[in-house]
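Student: I have a model open and a list of terms. Can we test the terms against it?

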Amino acid sequence: MAALPPAGGLESCSVESTAGGRRRPTIRDVAAEAGVSRGTVSRVMNGGHWVSPEARKAVEQAIRSTGYRANLHARSLATGRSNSVAFLLTEPQHLLFADPNFAILLRGAAEATAARGMTLILLVAGTETERVNAAAYVSDGHVDGVLLISSHADEPLLGDLVERGIPTVACGIPLGWSGRVASVSVDEVGGARTMVGHLRAQGRRHVAMIAGPLDTPGGRFRLAGYREELGDDYDERYVAHGDYSASSGEAAMEELLARVPDVDAVFAASDLMAAGALTALRRHGRRVPDDVAVGGFDDSGLAATLDPPLTTMHQPFDLISAEMVRLLLDVVAGAPRTSVTMPARLVARASA
C-alpha cells in the first residue's frame, strides 16, 4: 500500500507564511488568478460539482501557477472526510507493472487528485487476504471513495464495497453491478466493430479474434463487437481466448494457426496479446501484414514500439482517469450515480 503525495491544494482562507516569511497564497489568490469567485474555487476543490469545464480548468491552472496549498488537516476536521481516495486494483501485484494500461491509469488518477490537493492511496487486492484487508481499510474511513480498476464479473470485493456504502467508480462496466455502481468505460463493442471493419476493408476474408477473459468487460464486449461486425460470417473456430498477457496471445495464435491455417487477419483484445500473436506468426514464417494483418486494442504506448508497429484502438486513458475522479467526488458529495462511455479511436499503423 503506497501513498502518492498531493500537489496543489484545497480550500483555506487563512493567511500563512512560508519559512522565509513570504505569505502563502490563499483561496482568494486562486480566485483572482482564475477570474472566478471563491465559491467556484471551493466547488472545484470539492469535486467540481456544478462547475463548467472552463471554470474547472481555469481554477486548476491557477492552483498550479500560484502554488496554493491548503491546511488539509483543518479541512478534514471540518468536513469529516479523509481527503484521500483509493486506486484499487483487483489483480495480482505483478500486473501493476506488467500491464502498461494500469500504470497509465494510475498516473492519470494521481494527476487528477493532485490537482485537487488530494492524496491517492494505491491498494492491490489480487488475493483473498488482500481483498479482506482492502475492504477493512476503506471501510475504516481512511479514504473518501474508491477508483476500482479491472473488476471481474461477480467481483466479491465490489459486493463488499456496495454493501458497506463505499462511494465507488469502476473503470469499465462492472459486470453484474452496472445499475448500482458508476463507471467510466470506452465503447468496447463499437471499438471492436471498427477494428474488424478496418481489417475486412483491406480485403481480409478470414478474420480471427483473440478474446480476453469473458468475466471482464473488455473480454465480453469486444468479442460481442467482433461477432456483430462479422454477422453471418461469424465462425467460432476463428476465436481463441487469452488472459490479456503476451504469452496468452502467443498461445492463442498458435491454436488458431493449427485450427484455421487460412487465417489472414487477427484482432487481439489487447495490445499485449497482439504482441504475443506477432511472435507466433513470426515463428511460423507468416509475414505481417502481407500474410496476416494484426490489430490490437488499447494504444497504451506498447503498440507503437512493436515490429511492425501495431494498428490498434486507442483508449483515452488520461481522460478516463480524470473522469473517474470527477465522478467519484460527485458521488462522495451526494450526487446521483452516473456512468460515462467514451469512444475508442482507430490508430492505423503498419501491422494492418
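The talk below takes up sheet, packing and core in turn.

Tutor: Ground rules come before the terms. This is a predicted model, where local features need pLDDT of at least 70, side-chain atom pairs count only at pLDDT 80 or more, and totals for chains, interfaces and linings use all residues. Residues are numbered from 1 along each chain as its sequence is written, and side-chain values use heavy atoms, with hydrogens and water left out.

Student: Why are strand S9 and strand S10 called paired?

Tutor: Strands (DSSP runs of E, at least two residues, numbered from the N terminus) pair if DSSP finds at least two bridges between them. Three bridges join S9 (residues 265-268) to S10 (residues 293-298), so they pair. The two run parallel. In S10, Gly295 is the bridge partner of Phe267.

Student: What makes S8 and S13 edge strands?

Tutor: The open sheet has six strands in the order S8-S7-S9-S10-S11-S13. S8 (239-241) and S13 (345-347) each pair on one side only.

Student: How do you know that helix H11 packs on the sheet?

Tutor: Helices are DSSP runs of H or I, at least four residues. Helix H11 (residues 246-259) touches strand S7 (207-211), S8 and S9. Contact means heavy atoms within 4.5 Å.

Student: What makes a nonpolar core?

Tutor: Buried Ala, Val, Leu, Ile, Met, Phe, Trp, Tyr and Cys residues, joined through side-chain atoms within 4.5 Å. Buried means under 20% relative accessible area (1.4 Å probe, protein chains only). The largest core has 75 residues; Ile210, Tyr226, Met253 and Val294 touch the most other members. Helix H13 (residues 317-332) gives the most to this core, with eight residues. A second, separate core of 20 residues includes Leu88 and Tyr137.

Definitions and conventions. Axes are lines fitted to C-alpha atoms, for helices over the stretch in contact, and angles run from 0 to 180 degrees between N-to-C directions. Buried means under 20% relative accessible area, exposed over 50%, partly exposed in between (1.4 Å probe, protein chains only).
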